[in-house]
Amino acid sequence: MTAWREFEAAEPEFARRVQGLFDAHRHKTIATLRADGSPRISGIETKFAGGELTFGSMPKARKGADLQRDPRLALHSATVDPVEGEEAKWPGEAKISGRAVDTGEGFRVDVAEVVHTHLNPEATLLVVEWWTPEAGLRKVERE
């Protein structure tokens with residue numbers, strides 16, 4: 001796993017875009033795993049500070065209990081629809097997966113994968129860029 005600062009150092013421009021999408025809106029979505037292994041999604045607020053990606057959980061919240069039992073998670077930036085006729089201006093959406101580490105005052109994320117999905121400048125192709133510590137930054141374009 002990788003701290004946010006390590007990802008940021010490896011791919012600063014990509015990290016800036018992803019963080020911008022997360023910072024653009026207050027509320028995001030987190031996916032955790034219930035005790036039976038089924039997924040749970042919850043609203044969440046995140047913070048980038050000191051080279052770390054962090055978030056909190058209220059006492060007795062189910063997502064916090066999920067993460068204490070199984071730290072795997074996925075975060076999703078807020079999703080906004082492209083404006084019809086101005087699709088090329090759509091900033092896209094970002095996703096981060098990894099593991100939560102309890103800090104005693106909340107959680108920090110050890111990053112396993114970072115994804116930015118957006119359109120090409122002509123708005124004719126879907127562009128998926130993703131980064132992992134093992135393979136670095138990759139990109140695919142789809143019709």
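Predicted model: local features only at pLDDT ≥ 70, side-chain atom pairs only at ≥ 80, totals over all residues.
Asp 66 is buried, its relative accessible area being 0%; by buried I mean under 20% relative accessible area, by exposed over 50%, and by partly exposed anything in between, with a 1.4 Å probe and protein chains only. Residues are numbered from 1 along each chain as its sequence is written, and side-chain values use heavy atoms, with hydrogens and water left out.

To return to Asp 66, its side chain meets that of Arg 69 in a salt bridge, at 2.8 Å from N to O. A salt bridge here is a side-chain nitrogen of Lys or Arg within 4 Å of a carboxyl oxygen of Asp or Glu. Both residues belong to helix α3 (residues 62-69), where they are 3 residues apart, about one turn of the helix. Helices (H or I, at least four residues) and strands (E, at least two) are DSSP runs, numbered from the N terminus. Arg 69, at 40% relative accessibility, is partly exposed.

How many salt bridges does a search of the whole structure find? The search gives 11. One of the pairs joins the side chains of Glu 52 and Arg 5, at 3.0 Å from N to O. This pair links distant parts of the chain, since Glu 52 sits in strand β4 (residues 52-55) and Arg 5 in helix α1 (residues 4-10), 47 residues apart. Glu 52 is buried at 16%, whereas Arg 5 is partly exposed at 40%.

Arg 108 and Asp 110 also form a salt bridge, with their closest N and O atoms 2.5 Å apart. Arg 108 has a relative accessible area of 25% and is therefore partly exposed; Asp 110, with 15%, is buried.

Finally, I turn to Glu 93, located in strand β6 (residues 93-102). Is Glu 93 buried or exposed? Its relative accessibility is 16%, so Glu 93 counts as buried. Its side chain makes a polar contact of 3.4 Å with that of Thr 79. A polar contact is a pair of N or O atoms within 3.5 Å; within protein, one must be able to donate a hydrogen and the other to accept it, and residues adjacent in sequence count only if both atoms are side-chain atoms. Leaving aside residues up to four places away in sequence, Glu 93 touches Leu 21, His 76, Ser 77, Thr 79, Val 115, His 116 and Thr 117, contact meaning heavy atoms within 4.5 Å.
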